[in-house]
Amino acid sequence: NAGVMQNPRHLVRRRGQEARLRCSPMKGHSHVYWYRQLPEEGLKFMVYLQKENIIDESGMPKERFSAEFPKEGPSILRIQQVVRGDSAAYFCASSHDSASNQPQHFGDGTRLSIL
Amino acid sequence: GNSVTQMEGPVTLSEEAFLTINCTYTATGYPSLFWYVQYPGEGLQLLLKATKADDKGSNKGFEATYRKETTSFHLEKGSVQVSDSAVYFCAYAGNNRKLIWGLGTSLAVNP
């Protein structure tokens with residue numbers, strides 16, 4: 001499968017635990033984007049990364065959330081000390097380059113539930 | 001500010017009916033425009049796109065035309081099928097290519 005791979009598909013955490021969401025972009029893609037879809041809401045941009053660099057994190061909450069895209073391995077979205085309000089679907093997308101007319105290709109998402 | 005406005009759903013149609021889902025945007029310049037579709041329990045799939053004024057994107061019988069003068073990108077299909085039941089999202093590529101999204105329009109097609 002050459003598409004964007006996200007895992008796990010479903011993740012359950014208790015309040016105060018850490019959540020790690022992984023995203024492997026499409027082969028040959030070096031640009032990764034994370035979006036969050038809250039219940040009954042649309043998608044909101046969180047962060048844009050290019051290998052080893054954070055390009056735009058204007059949508060990331062100031063605390064508890066971090067993202068990385070190391071030289072080797074998948075991109076990781078990390079949420080520390082999770083709270084009920086973090087329950088959402090988190091989608092990762094990748095693109096080949098930064099041209100604005102190039103579409104972003106999405107994974108199936110990780111559905112995070114906080115107990 | 002930058003935003004995308006879609007018609008509210010849910011939209012319920014009978015099979016073979018004509019579909020229009022309105023989308024207007026507020027943005028500077030002439031961004032690329034996209035329609036994505038989300039089937040139940042799945043991720044987002046690109047349905048079609050248009051990158052400049054008067055471009056028409058089309059795929060699977062769906063069409064949308066980039067209207068600069070009305071800042072609109074309405075989605076249309078002449079004859080919907082039950083398998084088209086999904087949530088449809090209009091979006092444009094803003095600064096740093098981050099996608100700005102509408103809230104989505106849920107479509108249910110009955111046989």
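Reply: Between chain B and chain A the count is one salt bridge, a term that denotes a side-chain nitrogen of Lys or Arg within 4 Å of a carboxyl oxygen of Asp or Glu. The partners are A:Asp56 and B:Lys98, whose closest N and O atoms are 3.5 Å apart. On the side of chain B that touches chain A, four strands each supply at least two residues: E5 (33-38), E6 (44-50), E10 (86-93) and E11 (99-101). Strands (E, at least two residues) and helices (H or I, at least four residues) are DSSP runs numbered from the N terminus. By residue class, this side of chain B divides into nine nonpolar, eight polar and four charged residues. In this division, Ala, Val, Leu, Ile, Met, Phe, Trp, Tyr, Cys and Pro count as nonpolar, Asp, Glu, Lys and Arg as charged, and the others, Gly among them, as polar.

The model is predicted: local features need pLDDT of at least 70, side-chain atom pairs count only at pLDDT 80 or more, and totals for chains, interfaces and linings use all residues. Residues are numbered from 1 along each chain as its sequence is written, chains are lettered from A and ligands numbered from 1 in the order in which they are written, and side-chain values use heavy atoms, with hydrogens and water left out.

Across the interface, 21 residues of chain B are in contact with 26 residues of chain A, contact meaning heavy atoms within 4.5 Å. The size of an interface is often given as the accessible area lost when the parts come together. Here the buried area is about 1,800 Å², and carbon and sulfur atoms give 51% of that area; the value is the accessible area (1.4 Å probe) that the two parts lose on being put together, summed over both. Seven residue pairs between chain B and chain A are in polar contact, with both residues at pLDDT 80 or more. A polar contact is a pair of N or O atoms within 3.5 Å; within protein, one must be able to donate a hydrogen and the other to accept it, and residues adjacent in sequence count only if both atoms are side-chain atoms.

Two of the contributing strands of chain B are also partners of each other. E5(B) and E6(B) pair in the antiparallel sense over six bridges, where pairing requires that DSSP find at least two bridges between two strands. Within this pair, B:Phe34 stands opposite B:Lys49 in E6(B). The two strands form a hairpin with five residues between them, and B:Gly41 in the turn has a positive phi of about 75°.

On the chain A side, the salt-bridge residue A:Asp56 falls within strand E6 (residues 53-56), which is joined by three bridges to the antiparallel strand E5 (residues 43-50) of chain A. A:Gln50 has A:Asn53 in E6(A) as its bridge partner. E5(A) and E6(A) form a hairpin with two residues between them, and A:Glu52 in its turn has a positive phi of about 70°. The loop between E6 and E7 of chain A holds A:Arg64, which has a positive phi of about 75° although it is not a glycine.

Strand E7 (65-68) of chain A is in turn an edge strand, as is E1 (5-7), each pairing on one side only. They belong to an open sheet of four strands in the order E1-E3-E8-E7, with antiparallel pairing. The twist averages 15° from one strand to the next, with axes taken as lines fitted to C-alpha atoms (for helices over the stretch in contact) and angles running from 0 to 180 degrees between N-to-C directions. E1(A) pairs with strand E3 (residues 19-24) over three bridges in the antiparallel sense, and A:Gln6 stands opposite A:Cys23 in E3(A). In the loop between E1 and strand E2 (10-13) of chain A lies A:Pro8, joined to A:Asn7 by a cis peptide bond with omega of about 0°.
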